[in-house]
Amino acid sequence: MASPLEVLLKCRAQPLKLDELTLLKQLGLALAHRHQWLDAALVIERAAKLAPDDLGTVRSAALCWLQGRRPLQSALAWRRVTQIDPANGPAWLALGTAVAALQQRPPRCPEALDCFDQAAILLPDHSEPHLAKAKYLARHNRMRSVVRAYREADQRIALDIPSRISFASALLAIGDEQNSVRECDRALESDPDNQLLAANRLVALLNSPELSTAGLAAEHIDWGRRVAAKLGAVKPPHSAWRQGQKVRVGYLISFEIGPLAPLFFHLRANHDRDKFEVFIYFPVAAGSRAAAVSRLVDHARPLNSLDGAEWADAVRRDEIDIIVDRCGHFAGCPVDIHARRPAPLSVVLPGYPCTIGLPVDCRITDRWADPPGMTEHLHEEPLIRLDRPFACYEPPGEAPEVGPLPAGHNGFVTFGLFHQRPKLNEKAALVWADILRQTPNSRLLIHNVYGAEPPAPEEFEDPVVITLVKNGIGMDRIQLVGRLPLLDHLALFNQIDIALDAFPRAGMTTTLESLWMGVPVITLAGEAHLGRVGISFLTAVGLEELVASDASDYAAKAVELAWDVPRLRTLRSELRPRMQRSPLTDAAGFARAIEQVYQGLIHHAVASAPSQQPRV
């Protein structure tokens with residue numbers, strides 16, 4: 001590749017004598033042709049100083065800065081383009097993109113949103129300004145505005161599959177699960193084999209207050225049967241289960257579903273290494289987040305895609321005996337791996353709160369979340385119930401101390417809804433409004449509404465907030481707090497007296513966090529695992545009386561507890577010690593219980609094939 005000096009000498013050697021401006025432009029273009037973007041940008045900037053109103057030269061400099069990954073210089077150059085040609089829509093779009101890449105306002109440049117809006121005015125038939133605006137707003141958790149931007153884009157040119165997936169995710173983030181499902185369905189018409197779309201659709205349905213538990217299970221089972229029909233009958237590999245050889249257990253994990261991490265994180269670390277060899281499989285995009293987990297296991301296998309065939313091949317190469325799914329249809333793992341049967345045994349942990357829709361060897365649960373005889377018909381998987389809670393909580397070592405009861409110094413009770421927005425709905429909001437009306441001067445702190453901090457104005461347009469206001473709860477009694485780092489999130493529990501569980505989809509990790517921070521939780525017993533996880537956790541700490549049988553009972557229990565400040569103060573001091581004495585924080589005991597399930601499955605497999613000798 002020629003150096004800049006060689007290119008310059010070549011230009012000077014031309015028979016036609018060139019002026020300095022033309023020479024610099026030709027040199028810049030030659031360097032750009034060779035992908036020497038930064039050198040090209042510097043040369044073209046020199047040319048632009050000689051001809052500051054030359055639109056083509058300034059635009060070339062902006063493009064070179066952009067290719068050279070210098071967003072600030074690119075933004076400043078695109079700004080000059082818009083000053084020379086204010087009606088240049090593509091330039092406004094490029095300027096907005098450059099400013100957005102900076103995540104801050106550079107000198108003499110307008111905000112990214114202003115640029116995208118100006119580009120949309122100048123390019124009324126184009127979807128690009130609206131798509132760029134949607135991506136920028138999504139980074140800042142302005143999800144209702146994201147939805148509006150995608151709708152504007154879709155009205156101009158039909159969204160492609162990746163954009164429609166993002167649109168559906170944004171709709172779910174604001175609690176509009178019906179339209180989220182509808183967008184997934186539209187995309188599936190064009191790409192019926194897209195497993196990510198199918199998974200997103202099922203996750204959206206988890207949050208529907210209109211769908212019955214039987215209807216939700218049927219949606220999952222229907223998905224599983226379509227997958228099985230496509231892949232055909234697949235037999236799992238043979239395993240000899242040789243005496244004395246370690247059982248190879250492979251966990252499918254996703255670092256995108258962080259809230260589940262404290263429930264199963266240390267299961268892998270507490271396995272009996274004399275009997276079990278532990279593998280994890282995860283998307284390579286997890287990057288550094290995988291490092292902490294990888295140190296706890298024998299083998300870590302990052303994978304390049306979410307293709308179930310690729311994951312199944314990796315499991316087969318490692319000759320895994322038991323593949324264990326913690327993800328379900330949540331983002332990060334290909335659920336169809338179970339239909340590919342890459343291991344002799346397949347197990348599902350209940351991080352995903354519904355059947356995955358495929359007939360694996362078992363789903364591990366407990367007798368509180370899945371009472372015997374109550375939920376079997378809702379699962380394709382056989383249920384194996386632990387005699388302890390189905391999950392174990394690992395609180396962070398730096399977790400804040402439990403603070404004093406807020407009601408003691410506030411003079412009023414503060415209720416808390418610490419859930420991701422999709423779990424909240426208007427039907428439940430009617431019950432929450434009733435609770436607040438029956439406890440004068442009480443407050444409601446809603447955390448994790450969208451994630452903006454401080455909350456964006458659009459969050460006050462949320463249907464849940466509007467429902468509360470329409471039912472007599474003034475905005476002075478409602479506080480919105482967006483997503484926070486983990487330790488700040490835990491510290492926020494010190495501002496509430498009583499946590500209100502979501503329904504029909506109950507909280508999982510948030511319930512355990514609440515109890516750890518000394519805050520009692522009112523939960524509603526649902527008809528399936530999805531709405532019963534809180535029962536397991538409250539029972540483990542002796543708070544069965546806070547489990548409500550219906551919505552009226554839920555409100556009554558919350559109001560009764562709110563009026564009993566001495567009891568709230570006692571629970572504040574007792575709940576963490578109760579957690580520490582309970583099975584909820586016994587990681588070693590949890591691992592032994594899970595291992596017993598694995599060993600039971602192996603012995604059953606051996607009994608079904610008498611010619612084989614068991615390993616364990």
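**Close-up views of a predicted model**

**View 1. Helix H22 and its buried residues.** Val 533, Gly 534, Ile 535, Ser 536, Phe 537, Leu 538 and Thr 539 are the buried residues of H22. Buried means under 20% relative accessible area, exposed over 50%, and partly exposed in between, with a 1.4 Å probe and protein chains only. Helices (DSSP H or I runs of at least four residues) and strands (E runs of at least two) are numbered from the N terminus. Just after H22, Gly 542 has a positive phi of about 75°.

This is a predicted model: local features need pLDDT of at least 70, side-chain atom pairs count only at pLDDT 80 or more, and totals for chains, interfaces and linings use all residues. Residues are numbered from 1 along each chain as its sequence is written, and side-chain values use heavy atoms, with hydrogens and water left out.

**View 2. The packing of helices H11 and H12.** Two packed helices are described by the angle between their axes and the distance between the axes. H11 (residues 177-190) packs against H12 (residues 195-205) at about 160°, with the axes 9 Å apart. Axes are lines fitted to C-alpha atoms, for helices over the stretch in contact; angles run from 0 to 180 degrees between N-to-C directions. H11 and H12 are therefore roughly antiparallel to each other (over 145 degrees; under 35 is roughly parallel, 65 to 115 roughly perpendicular, the rest oblique). On the H11 side, the contact (heavy atoms within 4.5 Å) is made by Glu 177, Ser 180, Val 181, Cys 184, Asp 185, Ala 187 and Leu 188. H12 contributes Leu 197, Ala 198, Asn 200, Arg 201, Ala 204 and Leu 205. The residues of this contact divide into 8 nonpolar, 2 polar and 3 charged. Here Ala, Val, Leu, Ile, Met, Phe, Trp, Tyr, Cys and Pro count as nonpolar, Asp, Glu, Lys and Arg as charged, and the others, Gly among them, as polar.

**View 3. Glu 45 in helix H3.** Glu 45 sits in H3 (residues 37-50). With 16% relative accessibility, Glu 45 counts as buried. Its side chain is joined to that of Arg 80 by a polar contact of 2.8 Å. Such a contact is a pair of N or O atoms within 3.5 Å; within protein, one must be able to donate a hydrogen and the other to accept it, and residues adjacent in sequence count only if both atoms are side-chain atoms. Beyond four places in sequence, Glu 45 touches Ala 61, Trp 65, Ala 77 and Arg 80.

**View 4. Pro 372 in a loop.** Pro 372 belongs to the loop between strand S6 (362-366) and strand S7 (383-386). It is exposed, at 59% relative accessibility. Leaving aside neighbours within four places in sequence, Pro 372 contacts Arg 367 and Arg 385. Pro 372 and Arg 385 are 13 residues apart in sequence and 8.5 Å apart C-alpha to C-alpha.

View 5. Most residues other than glycine have a negative phi, and most peptide bonds are trans. His 35, not a glycine, has a positive phi of about 65°. His 35 lies in the loop between helix H2 (20-33) and H3. Glu 319 has a positive phi near 50° and lies between helix H16 (308-317) and strand S4 (322-325). The peptide bond from Phe 503 to Pro 504 is cis, with omega near 10°. Pro 504 is in the loop between strand S11 (498-500) and helix H21 (509-516).
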